[in-house]
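Please read this briefing alongside the sequence and the structure.

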Amino acid sequence: MSGLADKALTSGALALAATEECARLGHTRAGLEHLFLAVLGHGGPAARLLASHGVTLADARDAVTRVHAARLASLGVTAPDLTRELPDRIGAEGVETDDRVGGVLGVALAPSGADDRDLLRALVDDEGGLVRDVLGGLGLDADAVRAATVHEGPEADADAAPEDADVPAVEAAPPSMPGWRTISRDGVVPAPVGEVWALVATPSRRMEWDGVLLDAVERRDDGVQLLHLSTTRPDGRRIPLVPSVTVECRVLSLDPGGAISWSLTPTTRRAVPEVLTVQLQADGDATRVRLSVQTPRLRGPLAWIGAPARPLAAGVQRMRLVTRLAGISRRLS
Amino acid sequence: MGERDASEAVARATQAADPREGLRAVASLRVLTESLELRQVEAALRAGLSWQQVADCLGVTRQAVHRKYHRRIDQSIAVPRRERRP
């Protein structure tokens, strides 16, 4: 995938995570403090930088709440606890994103070689001072954190940064089957690998992390799991024009604690089958996760006819992987 | 917050040594107000109030409150469909 497309997807994933953090704290508009939390949860170089100073996502959420409470206290206002349980589905739809969030994402990640450390630096530099105050609330010197975000790009990182070299990498994506296309997405979940494995490998817990794409999950008499793709809104009303699709889900391979693959075969004729793989790798108290989906390449005339739609289909697949990753994180964070 | 408390809050904001601090405090107050309004709207809808009744209490039009909140509220709330006036 091109660097530009990867940055666009990273920006989208961070914006989505920011709205999740906003909803979790009971706020209604995702701002720079929620983007800071999203960066921390993203597990990239910026998150590793902050983790090296002992910062956890839970601590950072508390710090955001305390900063707002302190500002309100200066007005003589006592803030109530606004945190709330997120609904079963990712319910951050409707959470508006502050214009500053888009602006910071667009500027910080634009340059070649930029990564989320540049985004963290932009957040610290913001004149509103909110992220600086959050870092202060975490016992950190904002200027020192800012200085640590300066880097020379991916080539320099590859040669230096022993702490990066110590971070275990997820094993390579599942071997690509002849005639099949593989799309992968990596992320970090702030939970031990045992908890992540228990979530993804337990059939009865499928809805907890894949629920945004599913209406229901049932088990057929022969043991095959049936996934009913989402055709209704969370309040039960049917989404118009969306056909009912049921997918047969069978475990293809299992490496306990490490990886699991399922074949997803729609019961509808002419629907495209998939192979979904989850690979896990312990990273301290967190887990590196790689989600991969493999779909068959079109052949013959269909390949020519379907070529213009291929980038769109690939983009949809990537966003579905991002959504699944977000589902795993939200359930365990 | 009573009338006296609100006056004190305004006084503190306008008398802050650094006006930036006062503005930042007001920004946090806006976050609190928006959050409380969302929760009150959700509570009203769960109690069976209509969008029109919510709008009446907030002093805005039905269209304004629906546009602002229909996607923000907990989507599991079964909001009654609009009733026709007799």
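## Overview of the two chains

In chain A, 62% of the contacts between residues at least 6 apart in sequence join residues at least 24 apart, a contact being heavy atoms within 4.5 Å. The model is predicted: local features need pLDDT of at least 70 and side-chain atom pairs count only at pLDDT 80 or more, while totals for chains, interfaces and linings use all residues. Residues are numbered from 1 along each chain as its sequence is written, chains are lettered from A and ligands numbered from 1 in the order in which they are written, and side-chain values use heavy atoms, with hydrogens and water left out.

**Chain A as a whole**

- Chain A has 14 helices and nine strands; helices (H or I, at least four residues) and strands (E, at least two) are DSSP runs, numbered from the N terminus.
- Of its 333 residues, 45% count as buried, where buried means under 20% relative accessible area, exposed over 50% and partly exposed in between (1.4 Å probe, protein chains only).
- The accessible surface of chain A is about 16,000 Å², and carbon and sulfur atoms supply 56% of it; such areas come from the Shrake-Rupley method with a 1.4 Å probe, and for residues only the protein chains shown count as cover.

**Chain B as a whole**

- Chain B has four helices and zero strands, so that its elements read α-α-α-α from the N terminus on.
- Chain B has 86 residues, of which 26% count as buried.
- In chain B, 47% of the contacts between residues at least 6 apart in sequence join residues at least 24 apart.
- About 6,100 Å² of chain B is accessible surface, and 51% of this belongs to carbon and sulfur atoms.

**Helix α4 of chain A and its two partners**

- Helix α4(A) covers residues 57–73, and its axis comes within 9 Å of the axis of helix α7(A), residues 130–137, crossing at roughly 115°. Axes are lines fitted to C-alpha atoms, for helices over the stretch in contact, and angles run from 0 to 180 degrees between N-to-C directions.
- α4(A) is therefore roughly perpendicular to α7(A); angles under 35 degrees count as roughly parallel, over 145 as roughly antiparallel, 65 to 115 as roughly perpendicular and the rest as oblique.
- On the α4(A) side, this contact is made by A60(A), A63(A), V64(A), R66(A), V67(A), H68(A) and R71(A), and on the α7(A) side by L130(A), D133(A), V134(A) and G137(A).
- α4(A) also packs against α2(B), at an angle of about 115° and with the axes 8 Å apart, which makes α4(A) roughly perpendicular to α2(B).
- Here H68(A), R71(A) and L72(A) of α4(A) meet R24(B), A25(B), S28(B), L29(B), V31(B) and L32(B) of α2(B).

**Helices α2 and α6 of chain A**

- In α6(A), residues 116–125, eight of the ten residues are buried; among them are D116(A), L119(A), L120(A) and L123(A).
- Helix α2(A), residues 32–42, packs against α6(A) at about 155°, with the axes 11 Å apart, which makes α2(A) roughly antiparallel to α6(A).
- L32(A), L35(A), F36(A), V39(A) and H42(A) of α2(A) make the contact with D116(A), L119(A), L120(A) and L123(A) of α6(A).

**Helix α3 of chain B**

- W51(B), V54(B) and A55(B) are buried in α3(B), which covers residues 51–58.
- These buried residues fall within an arc of 100° seen down the helix axis, so they line one face of α3(B); the arc is that of the directions from the helix axis to the C-beta atoms.
- An α-helix has 3.6 residues a turn, so residues three or four places apart point the same way.
- D56(B) and C57(B), on the other side of α3(B), are exposed.
- Cover for the buried residues of α3(B) includes α2(B), residues 19–46, and α4(B), residues 62–69.

- S263(A) is found in strand β7(A), residues 259–266, and is buried with a relative accessible area of 13%.
- Beyond its neighbours within four places in sequence, S263(A) is in contact with E248(A), C249(A), R250(A), L252(A) and E274(A).
- L57(A) is found in α4(A) and counts as buried, at 12% relative accessibility.
- L57(A) and F36(A) are 21 residues apart in sequence and 9.9 Å apart in space, C-alpha to C-alpha.
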